[in-house]
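Subject: Structure handover

Hello,

Here is the structure for you to look over. Please open it alongside the sequence before reading on.

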Amino acid sequence: MRLRTPVVLVAGAVAWLTMREPNPVKWPALVLRDAAGLLADAREALVDGTRAGTRAERAFDADMAEARSRAHRG
């Protein structure tokens with residue numbers, strides 16, 4: 001039962017590769033290119049998330065400063 005999962009995963013990977021590129025000699029380059037693309041996408045998402053977090057933190061700090069200012073005035 002435990003051997004079925006790896007066999008199914010490998011069969012799925014081979015089927016996916018065969019649909020993308022019928023020549024098995026080109027599979028390593030295909031996998032490397034796709035992995036590099038996924039890595040670049042992950043890096044871009046991380047940078048975008050960091051920038052969005054920084055903007056949200058600045059907006060929160062500005063809102064807190066405004067709330068404190070209103071609290072002291074009134």
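The model is predicted, so please read every value as computed from it.

Overall form

The protein has two helices and zero strands. Helix 1 covers 4-20 and helix 2 covers 27-73. The radius of gyration is 25 Å, whereas a compact globule of 74 residues would come in near 11 Å. Along the principal axes, the C-alpha atoms fill a box of roughly 75 × 35 × 15 Å.

Surface

Of the 74 residues, 5% are buried. The accessible surface is about 6,600 Å². Carbon and sulfur atoms account for 65% of that surface.

Charges

There are 12 positive and 9 negative side chains. The centres of the two sets are 5 Å apart. Side chains of opposite charge can pair when their charged atoms come close. How many salt bridges does a search of the whole structure find? It finds two.

One is between R20 and D34, at 2.5 Å from N to O. R20 sits in helix 1 and D34 in helix 2, so this pair ties together parts that are 14 residues apart in sequence. R20 is partly exposed, and its relative accessible area is 40%.

E66 and R70 form a salt bridge too, with their closest N and O atoms 3.9 Å apart. Both residues belong to helix 2. They are four residues apart, about one turn of the helix.

E21 lies in the loop between helix 1 and helix 2. Is E21 buried or exposed? It is buried, yet it has no salt bridge. The nearest side chain of opposite charge is K26, at 4.4 Å. What does E21 touch, leaving aside neighbours within four places in sequence? Its contacts are K26, W27 and L30.

When you go through the model, please look at the R20 and D34 salt bridge together with E21 in the loop between the helices.

Best wishes

Terms used
Residues are numbered from 1 along each chain as its sequence is written. This is a predicted model: local features need pLDDT of at least 70, side-chain atom pairs count only at pLDDT 80 or more; totals for chains, interfaces and linings use all residues. Side-chain values use heavy atoms; hydrogens and water are left out. Buried means under 20% relative accessible area, exposed over 50%, partly exposed in between (1.4 Å probe, protein chains only). Lys and Arg count as positive and Asp and Glu as negative; His and the chain ends are not counted. A salt bridge is a side-chain nitrogen of Lys or Arg within 4 Å of a carboxyl oxygen of Asp or Glu. Contact means heavy atoms within 4.5 Å. The radius of gyration is taken over C-alpha atoms; the globule rule is 2.2 Å times the number of residues to the power 0.38. Accessible areas come from the Shrake-Rupley method with a 1.4 Å probe; for residues, only the protein chains shown count as cover. The place of a charge is taken as NZ of Lys, CZ of Arg, CG of Asp or CD of Glu.
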